[in-house]
Amino acid sequence: MAIYHSHMKSFGRGKGDSSVAAAAYRAGFDLVDEATGLSHSYSRRHGVDHVQMLAPKGAPTWCLDTQKFWNANEAAETRKNALVAREVEVALPQSLDQAQRKALALDLGQLLVDRYKVAVLVAIHTPSRNGDQRNHHVHLLMSARQVGPEGFGKRAAAEFDGRQGQGSNAVKELRLAIAATINRHLDIAGIQKRVDPRKLKTQALEAALQGNFELARELTRTPGTHNGKVKTALERKSRLTWSVQGLGGKDAAMKLVATISAHQAALINDPEVPEGHSHAAALRDQAKAAGLKPQQAGEGHPRNVVNRVREHLLDRRPNAARSFDQYSRQTLHLSRVQRITRASGRDAEVLNAEAKLIEDWLEAQREVAQDSLELLRSVPGIQIEPEFQLAHASILCRRIDDYAGKAFTFEDTEVLARSLAKYAHMMARPHRARMALLDAQAKLSEHADAPKTQAATRARQRVYRAKTHVSPRIAAIQRWRIDQARKRMTEARDDLEKHFADPKAAILPRSPLGDMDPPPVRAEEAGNWEHRMRGRRPTF
C-alpha cells in the first residue's frame, strides 16, 4: 500500500501572509508584490520540477501568467485580515516516473479547478538533497475567489470554513477525491499499490473483519509524523536528527534540545512584548473581555452526555471527593426509567429522548473500555490478560435492547467500566515510573559540566524521588494494587453477567390487569403505540 499524504493550509493577510510570496516560493520565480513593493526572489532555489497555471474555461488569458495573476489576486482582497489563498499539498507516489507524476499533478490541479472554479498554481517539487528521496510532492495554490470571464468573482471554497463539523466534512470529501485520482493513475501505470485516506485504525479493523490478519497487523503501526519546516530547518543547521541512534545519539539529542530551547527562548523573549505578560495573562484578558470567570474561559460549549459520563468514569479521585454517590447522574436516571422504545405519536418526544440518552450512555461506557485497552497497548512489552479481555468484551458486546426490564444492569455496567479504567491505570503506573526515572536521569546529565549549581541539585533530587517509585517496596505495593484491581474487575464482570442472565432480575411489577392482551388497533393507527414491559408468568 502506498503512503497517502495531503495537507491543506490557508494564507491570511491577518497572519502576515502574501499570496505573491507563496507563489514565488513554490514556483521558484522572482516576483514583486506591487501592493507592498517587496521583492520575493526564489529563482535560485532547487527542487522545482514543473510549474504551470490552470484556470477555468473562459477565464482571461492573464490568469495563466503567474506574475500578473497573483498580484491581481492580492488587489482583489481589500480587507486587512482577508483570506488571500489556499493550498493543498499532496504526496506523489514514488512508484510513478517523472512523466507520470507530472500527469497526476496536473490532474489534481484540474480537479480543484473544476470543483471550486478557481485558478490553481501547480508546482511539483522533488526531494531535497539531504532529505527523504521518496518525498515527491506537489503544491496546489488556489485563488481565494472564483475566476470567470469577467475576472474574480465571489469567494471560493467557502465550505472549508463551515462550522459545526461542516468544514471537516468538506476536507474529508476532498481527501477522498484526491485518493481516487491517485489510484486511477496507479491503475493506468499498471501498479498494484493503492492509497487510502482513512486512519490506520479504520483500515486495520476493515482488514481484520475481512480475514486479512497480516495486513491488519501491518496497519497497526504507529502513524508517521510530519516534522514541519521549523524542525527541518533546525536539523539542517545543527546536522542532527530527531531519532537517537548510535553511541553518540544521547549527546546529539541533548545538543538538539539545547538548540531548540535557545530558538524558543529567542521567540519568547521578544523586546516588543511587555514585561510580565504571558500566555496565561493573555487568556485571562480574553476571558475578562468576554465577561467570563477565569474557570469558565475554557468552557465554550456544553459537553454532551458521552463526554460527561466518560469523564466521570475516568476520574480517579475518591468517590467522596467526586460526588455523594458512586454512580453518575445519567446512570441513576436511566436505572429508574428503563425505557428504550423508539415510538411515534403521543409522548414520542419524551420516549425518544430517553432512548437517545441510553444510546449515548452506552457509547460512553464503550469509549472508556476502548480507552483502557489503548492505554494497555501503549505500554511496551505488556501482555493483555484474559480477565481484561473478558471484561472488555462484556461491555463491547452489549446492545441497547439488552437493558430492557433489567434491574441493576446500568449500575453494574458503569462499575465494570470504571474497574477497567482502574485496572489499566494500575498496570501502566510501573511503566510511567520507569519513564520518569529515565527522564530525570537525562535531565541530570545536562548538568554534568556544572554539578554544583542549583539546577543540578534540583535535578539530583528529582532522580532520588524517581528512584523511590521504582524501589522493590513500591513495586510490591504496585503488584498488590494490580491484584486488587484485577479482582474487582472480575467481580464486576461476574455481577453484570449474573444480572443479565438471572430471569428474576428482569421481572417488573405486574399490572393489576393481569395478562390481558392489549386491544386490537386499526392498520392506520399502527404507528401510534406505546411499548410496555410485561413480567414473566410465575412458575412452580
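**Exercise 1. His431**

Task: Decide whether His431 is buried or exposed in this predicted model, and state where His431 lies and what His431 touches.

Solution. 
- Step 1. The relative accessibility of His431 is 14%. The cut-off for buried is under 20%, so His431 counts as buried.
- Step 2. His431 belongs to helix H15, which covers residues 409-445.
- Step 3. Leaving aside residues up to four places away in sequence, His431 touches Val379 and Pro380.

**Exercise 2. Helix H15 against helix H14**

Task: Describe how H14 and H15 are oriented, and which residues make the contact.

Solution. 
- Step 1. The two axes cross at roughly 140° and come within 10 Å.
- Step 2. Roughly antiparallel would need an angle over 145 degrees. H14 and H15 are therefore oblique to each other.
- Step 3. The crossing in which H14 passes H15 is left-handed.
- Step 4. On the H14 side the contact is made by Phe388, Ala391, His392, Ser394 and Ile395. H15 contributes Thr413, Leu416, Ala417, Leu420 and Tyr423.
- Step 5. Sorted by class, the contact of H14 with H15 has seven nonpolar residues, three polar and no charged.

**Exercise 3. Helix H1 against helix H2**

Task: Describe the packing of H1 and H2 in the terms used for H14 and H15.

Solution. 
- Step 1. H1 (residues 19-27) packs with H2 (residues 66-76) at about 155°, and their axes are 8 Å apart.
- Step 2. That angle makes H1 roughly antiparallel to H2, because the cut-off is over 145 degrees.
- Step 3. H1 passes H2 in a crossing that is right-handed.
- Step 4. Ser19, Val20 and Ala23 of H1 meet Trp70, Asn71, Asn73 and Glu74 of H2.
- Step 5. This contact of H1 with H2 holds three nonpolar, three polar and one charged residues.

**Exercise 4. The partners of Arg486**

Task: Find the salt bridges of Arg486 with Glu385 and Asp483, and place each pair in the chain.

Solution. 
- Step 1. Arg486 forms a salt bridge with Glu385, with 2.6 Å between the closest N and O atoms.
- Step 2. This pair links distant parts of the chain, 101 residues apart. Arg486 is in helix H17 (residues 472-501), while Glu385 is in the loop between helix H13 (348-377) and helix H14 (386-396).
- Step 3. Arg486 also meets Asp483 in a salt bridge, at 2.8 Å from N to O. Asp483 and Arg486 are both in helix H17, three residues apart, about one turn of the helix.
- Step 4. Arg486 has 18% relative accessibility and so counts as buried. Glu385 is buried too, whereas Asp483, at 40%, counts as partly exposed.

**Exercise 5. The network around Arg155**

Task: Which residues are linked with Arg155 in a network of salt bridges, and is Arg155 buried or partly exposed?

Solution. 
- Step 1. The network links Arg86, Arg155 and Asp161.
- Step 2. Arg155 has a relative accessible area of 46% and is partly exposed. Asp161, at 37% relative accessibility, also counts as partly exposed.

**Exercise 6. The whole chain**

Solution.

Terms used
Residues are numbered from 1 along each chain as its sequence is written. This is a predicted model: local features need pLDDT of at least 70, side-chain atom pairs count only at pLDDT 80 or more; totals for chains, interfaces and linings use all residues. Side-chain values use heavy atoms; hydrogens and water are left out. Buried means under 20% relative accessible area, exposed over 50%, partly exposed in between (1.4 Å probe, protein chains only). A salt bridge is a side-chain nitrogen of Lys or Arg within 4 Å of a carboxyl oxygen of Asp or Glu. Helices (H or I, at least four residues) and strands (E, at least two) are DSSP runs, numbered from the N terminus. Axes are lines fitted to C-alpha atoms, for helices over the stretch in contact, and angles run from 0 to 180 degrees between N-to-C directions. Angles under 35 degrees count as roughly parallel, over 145 as roughly antiparallel, 65 to 115 as roughly perpendicular and the rest as oblique. A crossing is left-handed if the near helix is turned anticlockwise from the far one by less than a right angle, and right-handed if clockwise. Contact means heavy atoms within 4.5 Å. Ala, Val, Leu, Ile, Met, Phe, Trp, Tyr, Cys and Pro count as nonpolar, Asp, Glu, Lys and Arg as charged, and the others, Gly among them, as polar.
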